[in-house]
Amino acid sequence: MAKDPNSATIATNRRARHHYAVLDTVEAGVVLVGTEVKALRDGRASLVDSFATVDDGEIWLRGLHIGEYSLGTWTNHAPLRVRKLLLHRREIDKLALKITDPGLSLVPLSMYFSDGRVKVELALVRGKKTWDKRQDLATRDANREIERAFARHIKGRKHAGRRA
């Protein structure tokens with residue numbers, strides 16, 4: 001089965017879930033120029049160090065790096081330009097009200113194509129403390145060890161039945 005180019009993930013921000021506790025997510029459209037869309041289809045995007053701000057009732061994505069399109073000419077885009085996000089007014093107002101609380105930020109988790117349009121999964125996050133990160137790592141390691149033990153147990157059962 002061929003991969004559908006209209007619903008492909010472009011980039012993910014794997015560090016975001018490690019450094020932040022995700023409180024809420026929302027899907028937003030992105031205002032782009034032509035060479036940016038072509039570069040995104042080539043997979044040339046990085047969400048590392050990107051964040052969103054609310055300025056004058058609009059949400060702007062800052063720090064998003066979209067590499068230059070290789071076949072672009074003098075009309076090529078600036079890789080780190082500020083990009084406008086498209087949300088409904090009530091969603092913008094709700095997010096603007098929430099990020100006024102100290103310690104809350106807007107961070108993109110992933111960027112993907114949805115029906116040929118570029119979308120960003122934007123998250124309302126709170127920074128984790130060091131002990132939160134250690135606790136998450138310990139939980140993940142414990143779950144991994146449980147899965148391994150379970151797999152060994154199942155594997156041992158299958159082999160034990162053959163030998164008898």
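Visitor: Where does Asp115 lie?
Guide: A caveat first: this is a predicted model, where local features need pLDDT of at least 70, side-chain atom pairs count only at pLDDT 80 or more, and totals for chains, interfaces and linings use all residues. Residues are numbered from 1 along each chain as its sequence is written, and side-chain values use heavy atoms, with hydrogens and water left out. Helices (H or I, at least four residues) and strands (E, at least two) are DSSP runs, numbered from the N terminus. On that basis, Asp115 belongs to the loop between β8 and β9.

Visitor: Is Asp115 buried or exposed?
Guide: The phi of Asp115 is near 55°, a positive value in a residue other than glycine. For burial, under 20% relative accessible area is buried, over 50% is exposed and in between is partly exposed (1.4 Å probe, protein chains only). Asp115 has 72% relative accessibility, so it counts as exposed.

Visitor: What is the phi of Asp49?
Guide: Asp49 is placed in the loop between β3 and β4. Its relative accessibility is 68%, so Asp49 counts as exposed. Although Asp49 is not a glycine, its phi is positive, at about 65°.

Visitor: Leaving aside neighbours within four places in sequence, which residues is Val48 in contact with?
Guide: Val48 is in the loop between β3 and β4 (51–55). At 41% relative accessibility, it counts as partly exposed. Contact means heavy atoms within 4.5 Å. With the neighbours within four places set aside, Val48 is in contact with Arg15 and Gly63.

Visitor: What relative accessible area does Leu61 have?
Guide: Leu61 sits in strand β5 (residues 58–62). Not counting residues up to four places away in sequence, it touches Phe51, Ala52, Arg81, Val82, Arg83, Leu85, Pro108 and Val120. Leu61 is buried, and its relative accessible area is 0%.

Visitor: How many Å separate the C-alpha atoms of Leu87 and Glu27?
Guide: Leu87 is in the loop between β7 and α3 (89–98), and its 15% relative accessibility makes it count as buried. Glu27 is among the residues that Leu87 touches, along with Val26, Ala28, Ile59, Ile92 and Leu95, not counting residues up to four places away in sequence. Leu87 and Glu27 are 60 residues apart along the chain, yet their C-alpha atoms are separated by 8.0 Å.

Visitor: Not counting residues up to four places away in sequence, which residues does Thr35 touch?
Guide: Thr35 lies in helix α2 (residues 34–41). With 12% relative accessibility, Thr35 counts as buried. Beyond four places away in sequence, Thr35 touches Tyr69, Thr75, Asn76 and His77.

Visitor: Within what arc do the buried residues of α2 fall?
Guide: An α-helix has 3.6 residues a turn, so residues three or four places apart point the same way. In α2, the buried residues are Thr35, Glu36, Ala39 and Leu40. They line one face of the helix, because down its axis (taking directions from the helix axis to the C-beta atoms) they fall within an arc of 140°.

Visitor: How far is the charged end of Arg41 from the centre of the ring of Phe113?
Guide: A charge sits over a ring if NZ of Lys or CZ of Arg is within 6 Å of the ring centre and within 35 degrees of the ring normal. The charged end of Arg41 sits over the ring of Phe113, and its distance from the ring centre is 4.3 Å.

Visitor: What is the radius of gyration of the protein?
Guide: The radius is taken over C-alpha atoms, and the globule rule is 2.2 Å times the number of residues to the power 0.38. The protein has 4 helices and 9 strands, in the order β-α-β-α-β-β-β-β-β-α-β-β-α along the sequence. For 164 residues the rule gives 15 Å, and the protein is more spread out than a compact globule because its radius of gyration is well over that, at 21 Å.
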